[in-house]
Structures are given as C-alpha cells and as structure tokens.
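These are my notebook entries on one structure. I set down what I looked up, entry by entry.

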Amino acid sequence: MQKACFDRNEPYRLQIECTSECSADCAYCYARVMDAKEPLTTREIKSLIRQAANLGIKQVDWMGGDPLERPDWIELMQSVRYAGMTNNLWTCGPLLNDIVTVKRVIELTQDGFVMVHLDSLDPKVLSSLRYTYHPRQVRATISGLELLLEAGKSPCDVANVIMLTAHHTPEDVKKTMDFMYRRYRISTCLMSLKPVDERGSIYSYLPRAEDVSAAYRLRDEKFLGGRGMGCQDFPKHYCGTCVFVSQDGRVSSCYSLRRTLGDLREQSLEEIVRFNASSLFFTPYRENDESVTCSMCDNNLCWGCRANAFYFAGSAYSEDPLCSHSHLDRGNCPY
C-alpha cells in the first residue's frame, strides 16, 4: 500500500510531533529548539486524525519529545485505531517500565512499530548530548525495551533510534547497533542531525560529512546485506509518502525536513496536501530522477536523503551531498 501511495503521489503516513516533553533531555531535540506557538490541543489533534483518515492515510507516527509524556496519549492513539489507521510510537523508553503502560502500547501499536531512542552506550557520548545525564536513564531505557519485548511486542516491530551527531564516531554507532541486534534482535533506525533551527543553535552538534557516510555504510552492511540505501533514515517509499505536523500545527515533508508548507490553524490538512503535493512528495525530483541519482545504491530503496539535499545542497530536488557517492561539493555544509 505504501508503494502504491508513492506511485500516485499520495500520503500514506502522518507524523505528529505531539509534545516537546521528554526525560532524555537531548540538547539537539528538534521539538525544543524550534520556535513554536501554542501546542495543538487534544481537540485539534483529534480533528487532524479525522482529516488524515478522510485523506486515506494509513499510519500515524507519534513523535516528540516522548509521546508517552503527553497525558492524553492513550486517548489520541485510540482515536487513530477507531479511525481505522495504525499507530507507530517513538519513545525514549523509560516510561515503558510499567506493565500496564507496555500492554497499552502493544495493544495500540498493533500492526505498527515502536522506536526506542538510545543514542549510545558510551556515558561520555550521552553526557555530551544531554543537558542532564545519569546512568540510571540508560538502565531505564534498556529495561523498558526488555519489558516491551517480554510482554509480546515482536523484535521485528521494534527498533532503536540513533541520532548521529558530532559527538559520535562510526565505531560507536556500530557498537550500539551490534549490541541491540545481538542482545535483542532489533535493528537500528539511524538518523543524522539536520540544522532545522535557522538560528544555528544546534550547528555545533552536526556530524562530519565523512562520519555520516561511514555510519550509513555500516548500517547497510549490517541490516541490508550489502544493498545500499544511502544516508537515509528510511527507504524512499516511506519518505515520499509522509506528511509531518509540528507540535504547533505547521505542515512539512518530514520530521527532518521542516520547510513549512501550511498551518493547520489556517487551512485544513486536505487543502494543504492538495495545494502542496508537489513539494510534499518531491514530484520535481521524481521527474528528473534518472539524471540526478546515481546507480551505486538500490534504487528501489534509495533516492538520497531529501532533507540533506535541502539543508546542505540548497534544494530538496538535488543530490544528497552527504552521501559518499555524491558528485556535489560539500562546501555548503555548515561543518
């Protein structure tokens, strides 16, 4: 279904940044560094969910912050289920240390996935990334993950998220990926930090271009059996069917590519998608696909990260300059 939506330039997935609250306290957190107006209320999010269902959207990704920090998370996820869509949850993990919460999560994410966020196993790396850090935070994330798996969530439907920053090395990323797969049989969603905040407040955390390329190659070797997917977090069919909504209702292409295309407090989701479909789903890039993409990676998976292209090459319709196969000059990258 996702590929069919991709081929038709239609949305398959709605990403909702529902809160900035999170016990991980990451210094680079997008939800905290962005200037934001009043967060969407429960009523506004429920209206958004109804609009998404009417558009034929199939899955809702709950992002933050940590959605489990939001008091109404059960009510909101239930409304997604009632509307016939699937919930996916992104959480830093400690609040999974409760069997009632875990059972609710498993019930509400049926047929969907859970992403647990632990950037590293190295205390030095974590202490450099978080405003507050204590080893018990890591223990809480790990034990929450263990309870989730013990309670019945399949490892195939769970992954760990690593946000690659200047404080990581490819070797550290590999060590964390290896540990999570060896111990729990879960894969890794590797993301690289983007300069989403125009004030530059997180530029010092941006990873080196060569480290981005190296880390993603390690990801490909471990989880894709040698097939290449470039410096992307997900395959192109995921990225090319997304609609992202920030905590204050601004609509853009994805969690990492925050070019505002509309405001839900001024227009309906349907209007924003209809008038901005070309930008949301990268139609100009698809039309020029053969000339701007390389043949090094699996073109059924990879078209280069559109957010990297937007921030570091000046256009979402350009090559991904962080990819080691790119022909573009990396001089525009603020490293």
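Entry 1. I located Gly65 in the loop between strand 2 and helix 4; helices (H or I, at least four residues) and strands (E, at least two) are DSSP runs, numbered from the N terminus. I found that the peptide bond from Gly64 to Gly65 is cis, with omega near 15°. The model is predicted, so local features need pLDDT of at least 70 and side-chain atom pairs count only at pLDDT 80 or more, while totals for chains, interfaces and linings use all residues. Residues are numbered from 1 along each chain as its sequence is written, and side-chain values use heavy atoms, with hydrogens and water left out.

I then looked up Arg70, which is found in the loop between strand 2 and helix 4. Arg70 has a relative accessible area of 11% and is therefore buried (buried means under 20% relative accessible area, exposed over 50%, partly exposed in between; 1.4 Å probe, protein chains only). Leaving aside neighbours within four places in sequence, I listed the contacts of Arg70 as Cys18, Leu40, Thr41, Thr42, Ile45 and Leu76 (contact means heavy atoms within 4.5 Å).

**Entry 2. The cavities.** I noted four cavities of 30 Å³ or more, and the largest cavity has a volume of about 300 Å³. Among the 20 residues that line the largest cavity, Cys29, Gly64, Gly65, His117 and Tyr255 are the closest to its centre. Helix 2 (30–33), strand 3, strand 4 and strand 5 are the elements that give two or more residues to this lining.

For the terms, I worked on a 1 Å grid over the protein atoms alone: a cavity is a set of points where a 1.4 Å probe fits but cannot get out, a pocket is an open set with protein on both sides within 12 Å along at least five of seven lines, and lining residues have an atom within 4 Å of a point. Grid points are joined across faces, edges and corners, and a volume is the space filled by probe spheres set on the points.

**Entry 3. The largest pocket.** I recorded about 520 Å³ of space in the largest pocket. Of its 22 lining residues, Met115, Ser187, Asp233, Phe234 and Pro235 are the closest to the centre. Strand 5, strand 6 and helix 9 each supply at least two lining residues, and strand 6 gives the largest share, three residues.

Entry 4. I traced an open sheet of nine strands in the order 6-5-4-3-2-1-7-8-9, with mixed pairing (two strands pair if DSSP finds at least two bridges between them). Strand 6 and strand 9 (262–263) stand at the edges with a single partner strand each, so one side of each lacks a neighbour in the sheet. Strand 5 and strand 6 pair in the parallel sense over six bridges, and in strand 6 the bridge partner of Val161 is Cys189.

**Entry 5. Strand 3.** How many residues of strand 3 are buried? Six of the six residues of strand 3 (residues 86–91) are buried, so the rest of the structure largely encloses this strand. Thr86, Asn88 and Trp90 point one way, and Asn87, Leu89 and Thr91 the other way.

On one pairing, strand 2 (residues 59–63) runs parallel to strand 3 and is joined to it by four bridges; Trp62 stands opposite Leu89. The chain passes from strand 2 through helix 4 (residues 73–82) to strand 3 in a right-handed β-α-β crossover (right-handed if, with the strands pointing away from the viewer, the path from the first strand over the helix to the second runs clockwise). Three bridges join strand 3 to strand 4 (residues 114–117), again parallel, and Val114 is the bridge partner of Leu89 in strand 4. I also found a right-handed β-α-β unit made of strand 3, helix 5 (residues 99–108) and strand 4.

**Entry 6. Helix 8.** I checked the length of helix 8: its 15 residues (170–184) should span 21 Å at 1.5 Å a residue, and the end C-alpha atoms are 21 Å apart, which agrees (the expected span is 1.5 Å times one less than the number of residues). Its buried residues include Met180 and Tyr184. Leu145, in helix 7, touches Met180 and Tyr184, among others. Just after helix 8, Arg185 takes a positive phi of about 65°; Arg185 is partly exposed, with a relative accessible area of 49%.
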